[in-house]
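Biologist: I would like to learn how to read the inside of a protein model. Could you walk me through one?

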Amino acid sequence: MDNSQAGSRLGNFLRLRGAITDSGLFDARWYRRHSKAARLWPSPLLHYLVRGWRQGLDPSPDFDTSFYLERYRDVRGSQANPLMHYVLHGKEEGRLATQSGAIFRESLHPELAPLPIFAVPGTPGSRLSVVIDDYTPTLLGLGYTPLLALAAQTASAAGWSLRVVLRSTEIPTTEISAALQAVMPEKRPLLDIARREPGHTDDVDTVEGEHWWASSISSYHSLSRLVPPRDLHWVLTAHEPQRLAAGERRLLAEQALSSPHTRTIVVGGAVDASDIAGEQTRIDTLPALMPHSSQTKTGSRLGVIVDQASPESLVARSVQVIDECLARGVLDDTVDVVFLGLDVAPVSLLGSRRVVQQALSTPQQWATALGSVDNAVALRAGTEGSLLRGQLDAQGISTVDATPHTSPSAGDIDGVVDAVSALLAGTTHPSPPAASWDDVTASVVASMGGRA
């Protein structure tokens, strides 16, 4: 070895020593007391980095070498020194240094400070892990709220801890935080939020008997190669084969739904049961359990539900429907029209009348806005109509539902206008059946082999 190589290795060691020293996870005096061999080395840290970790020694009471290697098999398989990995990578990734200590995530994700987040030790059957990735469908006005509401309530009812694994660099943690704050039950489960790079789930640690929820066909396909079928559920909040463009993911979705080994939880009636060959648990009453505003409605307001993600053609059609209602006298000056979710230049109706627009992004904002309207028109291009309709019904809002597979459809302008006329004349939809979280969680937990 020449002098330049020796100098480079010494420089790397000094930088690593500085990082470990700054972490406060290596206690030289404590380490010497627990290792006689280390007393013979000029540096106790050098002994740990070279030999001590292989012998299962801990660098301090705040880092458990054996636990870290047992919990994270990617570290174990790479033969990396566990303390070095944690200091350089693991802490930022949200990994746990000990089995019992709490981790404060404020420095990593300041927006999570209001949430009670704990490092939850994984014991068999004690944890529910939910994987969210870039392909997880989000619902109009609710985002990830239905999925996380169901997960939080289920974990609480079964006495499990809850872990949310974000396999994305694009999804803001604030969206997950806001959804959790909106739906956390009074008896809160222990919560852990971990972020991973997009891709496969091979680097996500597992424990025997852990329950897993996949929220997209991508995460389901990846987990199915890692998790026993009895411990894995695919939570469906949209009709995946219809939602996905033709390609590999659509083929994977069709194969999964046709497999008798696929276990699914269908939320909000958004999936045709005839497509599912495996065991399924349906939850059509979930929309009625979503948090909503108790704000008193004043006046007569018709909400037209669109949002920034709506296709331009759908926004134009929504304006066309209201224009036609005004032209036929279905709407007059006694009815205020408000476009909910739209954030563009003011919309002019019939070239003169301007309507109110409310740009909405969080579930709380949507709940407040919906609480201020008496009736609604929803022309949706996607497959989220069932859950949206259930949310509106839960708030007692009569709705013209012109989503796909309904009559009238969004393309039938005359039919939609007639439906609006009937709605304003007093035609209402039947009230949804009574629902409770106890009923929902009991059925979900039972399908997962547990007991609420």
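Modeller: Happy to; we will look at the nonpolar cores and then at the salt bridges. Keep in mind that this is a predicted model.

Biologist: Let's start with the cores. Why look for nonpolar side chains together?

Modeller: In soluble globular proteins, nonpolar side chains tend to be buried together. Here, the largest nonpolar core has 40 residues. Ile132, Leu150, Leu162, Val164, Ile176 and Trp213 have the most contacts inside this core.

Biologist: Which helices and strands each supply at least two residues of this core?

Modeller: The strands are β1 (127–133), β2 (161–167), β3 (191–196) and β6 (264–267). The helices are α7 (145–158), α8 (173–183) and α16 (437–447). The largest share, eight residues, comes from α7.

Biologist: Can we zoom in on one residue? What is Ile132 in contact with, leaving aside its neighbours within four places in sequence?

Modeller: Ile132 is in contact with Tyr144, Leu147, Leu148, Val164, Val165, Leu166, Arg167, Ile171, Ile176 and Ser215.

Biologist: Now the charged side chains. How many salt bridges does a search of the whole structure find?

Modeller: The search finds nine. One of them joins Arg127 to Glu210, with the closest N and O atoms 2.7 Å apart. Arg127 sits in strand β1, while Glu210 is in the loop between β3 and β4 (211–214). This pair links distant parts of the chain, 83 residues apart.

Biologist: Are Arg127 and Glu210 buried or exposed?

Modeller: Both are buried. Compare Arg263 and Glu279, another salt bridge, whose closest N and O atoms are 3.4 Å apart. Arg263 lies in the loop between α11 (248–257) and β6, and Glu279 in the loop between β6 and β7 (280–283), so the pair ties together parts that are 16 residues apart in sequence.

Biologist: Why does Arg263 count as buried?

Modeller: Look at relative accessibility: buried means under 20%. Arg263 has 14%, so Arg263 counts as buried. Glu279, at 40%, counts as partly exposed.

Biologist: Which residues are linked in a network of salt bridges?

Modeller: Glu324, Arg328, Asp414 and Asp418 are. Within this group, Arg328 forms a salt bridge with Glu324, the closest N and O atoms being 3.2 Å apart. Arg328 is partly exposed, with a relative accessible area of 39%, and Glu324 is partly exposed too, at 28%.

Note on methods:
Residues numbered from 1 in each chain as written. Predicted model: local features only at pLDDT ≥ 70, side-chain atom pairs only at ≥ 80, totals over all residues. Heavy atoms only, no water. Core = buried A, V, L, I, M, F, W, Y, C linked by side-chain atoms within 4.5 Å. Buried < 20%, exposed > 50% of the residue type's maximum accessible area, 1.4 Å probe, protein only. Helix = DSSP H or I, 4+ residues; strand = E, 2+ residues; numbered from the N terminus. Contact = heavy atoms within 4.5 Å. Salt bridge = Lys/Arg side-chain N within 4 Å of Asp/Glu carboxyl O.
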